[in-house]
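Dear colleague,

Here is the structure I said I would pass on. My notes on it follow below.

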Amino acid sequence: MDEPLRVGYRTSKNEEYDYHSHPDHYEIYFFHAGSCRYLIHNQIFDLIPGDLLLMDGMTLHKPNINPNKEYVRSVIHFSPQWIKSVLLEIDSMYLLEVFERLHHCLIRTKENNESKYLEDVIHRLYQKKIEAIRNNTVNESELKILLIQILISVHHLGQLDSIKLPDRKTDKLVHSEKIAEYIQVNYKNKLSLNGIAEALNLSKSYVSHVFKEMTGFTVMEYVMGCRLNQVKYLLEMEPHKPLKDIAYECGFESVSHFSRFFREKVGITAKRYRHSRLDNN
C-alpha cells in the first residue's frame, strides 16, 4: 500500500478476505448496513450499523461475512507520517493517540448525529480523492483538512457513553476468543488442533466448528496468519537476521515450507519483501 491515503465510501461489493495487516497505515472502518462479524487480533465483534473500528497497521484483522447478505461499509487507510506534520503544527497529535495507545478499538455510535456528520465528511473526502485521480491533480491540503475533520469527529465519538458495549457474550464468542488468544501466545510453538483443544479443555470437533463459524476460517489458517504477520515484522525490524532464523523463530518447521508459504501469500519472496520495506523507510 504505497498511497498515503485510500478511501472507500459505502462499498457494497462482497469479496473473500484473508487475515491481514497493513504496516505504516492506520484504518478507520465504518459499518453502515448488512451483516458482519469482525475478528481483530483475538477479539470478535458482531457489528451493527453505525459501528466504527479503529486499527493500527500491525493489528491483524478480518471480516467474516455472509456472501448472500448485504455488507456496506466505508474504509479509510492513511499513513500517520503523511498527516503528522500538520497535526504537530496545530498541536493536535492527540488525534492519533487512540491508534497508538489502544492499537484497535470499537466505537458503537448507534448512528447518532455525530456519526451522521462523520459519514458526510468521509463522503466529501472520497469525492475529493476521486476528483484528484480523474483530473490527475494533487489537492493534498484539502485531503489533509478533511482527514483531520474525520479524526476530530472520531475523537468526539470516542468520548461519548455510546462506546460502552454489553459485557455479556455468548459461549461461542467467549470460546472463540480464548482459542484466538491461545494461538496468539503460542503460535511460535508446534501447534495442532488436538493440542489446542486439550489446552482449553474443549473437544477437538467443537474447537474446529466454533472457530470456523465465528471467524470464517480454520484454526490452522489463523495460526499461519499469526506466523506470517510476525515474519513481516521481523523482516523489517531485524534486517540483518537470517531468513532461516526468522522462519524457525516464528514457528515454521522448515525453511522450504516458510519460503513457499510466504511467496504464496505475499506474492514475492521474503528477501524481496524485506528489501522493499527497507527501501521505503
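To begin with a strand pair: Leu39 has Ile44 of β4 as its bridge partner. Please keep in mind that the model is predicted. The strands concerned are β3 (residues 37–40) and β4 (residues 43–46), which pair in the antiparallel sense over four bridges. Together β3 and β4 make a hairpin, with two residues between them. In that turn, His41 has a positive phi of about 60 degrees.

Thr109 sits between β8 (104–108) and α3 (113–135). Its relative accessible area is 1%, and the cut-off for buried is under 20%, so Thr109 counts as buried. The side chain of Thr109 reaches the backbone oxygen of Gly50, at 2.6 Å.

Last, a helix pair. Two packed helices are described by the distance between their axes and the angle between those axes. For α5 (residues 171–186) and α7 (residues 204–215), the axes come within 9 Å and cross at roughly 100 degrees. Angles of 65 to 115 degrees count as roughly perpendicular, and α5 and α7 are therefore roughly perpendicular to each other. On the α5 side, the contact is made by Asp171, Lys172, Leu173, His175, Ser176, Ile179 and Ala180. On the α7 side, Tyr206, Val207, Val210, Phe211, Glu213 and Met214 take part. By class, this contact of α5 with α7 has eight nonpolar, three charged and two polar residues.

Regards

Methods. Residues are numbered from 1 along each chain as its sequence is written. This is a predicted model: local features need pLDDT of at least 70, side-chain atom pairs count only at pLDDT 80 or more; totals for chains, interfaces and linings use all residues. Side-chain values use heavy atoms; hydrogens and water are left out. Buried means under 20% relative accessible area, exposed over 50%, partly exposed in between (1.4 Å probe, protein chains only). A polar contact is a pair of N or O atoms within 3.5 Å; within protein, one must be able to donate a hydrogen and the other to accept it, and residues adjacent in sequence count only if both atoms are side-chain atoms. Axes are lines fitted to C-alpha atoms, for helices over the stretch in contact, and angles run from 0 to 180 degrees between N-to-C directions. Angles under 35 degrees count as roughly parallel, over 145 as roughly antiparallel, 65 to 115 as roughly perpendicular and the rest as oblique. Contact means heavy atoms within 4.5 Å. Ala, Val, Leu, Ile, Met, Phe, Trp, Tyr, Cys and Pro count as nonpolar, Asp, Glu, Lys and Arg as charged, and the others, Gly among them, as polar. Two strands pair if DSSP finds at least two bridges between them.
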